[in-house]
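Here are my notes from going through this one, in the order I'd want to read them. Have the viewer open while you go.

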Amino acid sequence: MQNQVTVIDHPLIQHKLTLMRKAETSTTKFRNLLKEISLLLGYEVTRNLSLKYEEIKTPLAPMNAPVLAPDKKLVLVSIMRAGQGILDGMLELMPSARVGHIGLYRDPKTLIPIEYYFKVPHDVEQRDMIIVDPMLATGNSAVAAVDRLKSTNPLSMKFVCLLAAPEGLQHFCTVHPEVQVYTAAIDEYLDEHGYIIPGLGDAGDRLFGTK
Ligand code: URA
């Protein structure tokens, strides 16, 4: 695997993830936890944003202080619909980021992703892209999303999820070796229905209370 896969094993993330996994966790709590974890993931994913320095005055003294370089523009892309859960947290951290959406559904028999929606900002070519989807399961949706998004020519691409299955990670990293992956955990395996085990169930259903 050429990609750099970063498992963000911060104790706060791990604790919140365990709460999310529990079958008895309510939709409201699940949603809030995902938002909180996304803030923490976002903190790590943006660690290498570049800074410039500007002269400011504190109440006590002038100083040369760091601010984000203005040319560091971001676009967050949510893989619908569960990506919305990570997007909300990330946007709180990066309120000026632009947002794109890609809609893919898994054919329940073949597990192959089919695109039903695609919209990204017009200036994607000048932006670093962070793609979000909580579950990297078979990797088919993530691979298809990155295939499509690559055609828009962003400056760089990172992929952020909450849970990954080893099989999906291997698949993704083989097809898109240059895309860095961030995840809170790598679980044991994929079951025959494409669910991550032990996982947390269907992230979209748990997020939106549709089951
Ligand atoms: N998508 C989910 O929501 N959960 C899984 O376990 C796999 C894919």
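What follows is a set of numbered points on the ligand site, the backbone and a few single residues.

1. First, a reminder on the source: this is a predicted model. Every distance and angle below comes from that prediction.

2. Start with the ligand. Which residues are around the ligand? The shell runs through Arg106, Met135 and Ala137, then Gly194, Tyr195 and Ile196, and finally Gly201, Asp202 and Ala203. By class, that shell has five nonpolar, two polar and two charged residues.

3. Now the backbone contacts to the ligand. A backbone N or O atom of Ile196 is 2.7 Å from a ligand oxygen atom. Ala203 also places a backbone N or O atom 2.7 Å from an oxygen atom of the ligand. For Gly201, a polar backbone atom lies 2.8 Å from a nitrogen atom of the ligand. These pairs count as polar contacts because the cut-off for N or O atoms is 3.5 Å.

4. How much of the ligand does the protein bury? Taken alone, the ligand exposes 240 Å², and the protein buries 89% of that. The space that the ligand takes is the largest pocket.

5. Most peptide bonds are trans. Between Ile197 and Pro198, though, the bond is cis, with omega at about 0°. Pro198 is in the loop that runs between β14 (196-197) and α6 (203-208). Ile196, which has a backbone atom 2.7 Å from a ligand oxygen, falls within the numbering of β14. Ala203, another residue around the ligand, falls within that of α6.

6. There is another cis bond, and this one joins Met80 to Arg81, again with omega at about 0°. Arg81 is in the loop between β4 (74-80) and α3 (83-93). I'd look at this bond in the viewer alongside the Ile197 to Pro198 one.

7. One phi value also deserves a look. Most residues other than glycine have a negative phi. Asn153 has a positive phi, near 60°, and is not a glycine. You'll find Asn153 in the loop between α4 (140-150) and β9 (156-160).

8. Met157 counts as buried because its relative accessibility is 10%, with the cut-off for buried being under 20%. Its C-alpha is 9.3 Å from that of Arg127, a residue 30 positions away along the chain.

9. Ile131 sits in strand β7, residues 128-132, and Ile131 is buried, at a relative accessible area of 0%. Val99 is 32 residues from Ile131 in sequence, yet their C-alpha atoms are 9.8 Å apart. Leu104 belongs to strand β5, residues 98-106, and is buried too, at 11%. Leu104 and Lys72 are 32 residues apart along the chain as well, but here the C-alpha separation is 28 Å.

10. Last, a helix residue. Lys29 is in helix α2, residues 27-45. Its relative accessibility is 44%, so Lys29 counts as partly exposed. From Lys29 to Leu19 is 10 residues in sequence and 8.7 Å in space, C-alpha to C-alpha.

Notes
Residues are numbered from 1 along each chain as its sequence is written. This is a predicted model: local features need pLDDT of at least 70, side-chain atom pairs count only at pLDDT 80 or more; totals for chains, interfaces and linings use all residues. Side-chain values use heavy atoms; hydrogens and water are left out. A residue is near a molecule or strand if one of its heavy atoms lies within 4 Å of it. A polar contact is a pair of N or O atoms within 3.5 Å; within protein, one must be able to donate a hydrogen and the other to accept it, and residues adjacent in sequence count only if both atoms are side-chain atoms. Accessible areas come from the Shrake-Rupley method with a 1.4 Å probe; for residues, only the protein chains shown count as cover. On a 1 Å grid over the protein atoms alone, a cavity is a set of points where a 1.4 Å probe fits but cannot get out, and a pocket is an open set with protein on both sides within 12 Å along at least five of seven lines; lining residues have an atom within 4 Å of a point. A molecule sits in a cavity or pocket if more than half of its atoms lie within 2 Å of its grid points. Ala, Val, Leu, Ile, Met, Phe, Trp, Tyr, Cys and Pro count as nonpolar, Asp, Glu, Lys and Arg as charged, and the others, Gly among them, as polar. Helices (H or I, at least four residues) and strands (E, at least two) are DSSP runs, numbered from the N terminus. Buried means under 20% relative accessible area, exposed over 50%, partly exposed in between (1.4 Å probe, protein chains only).
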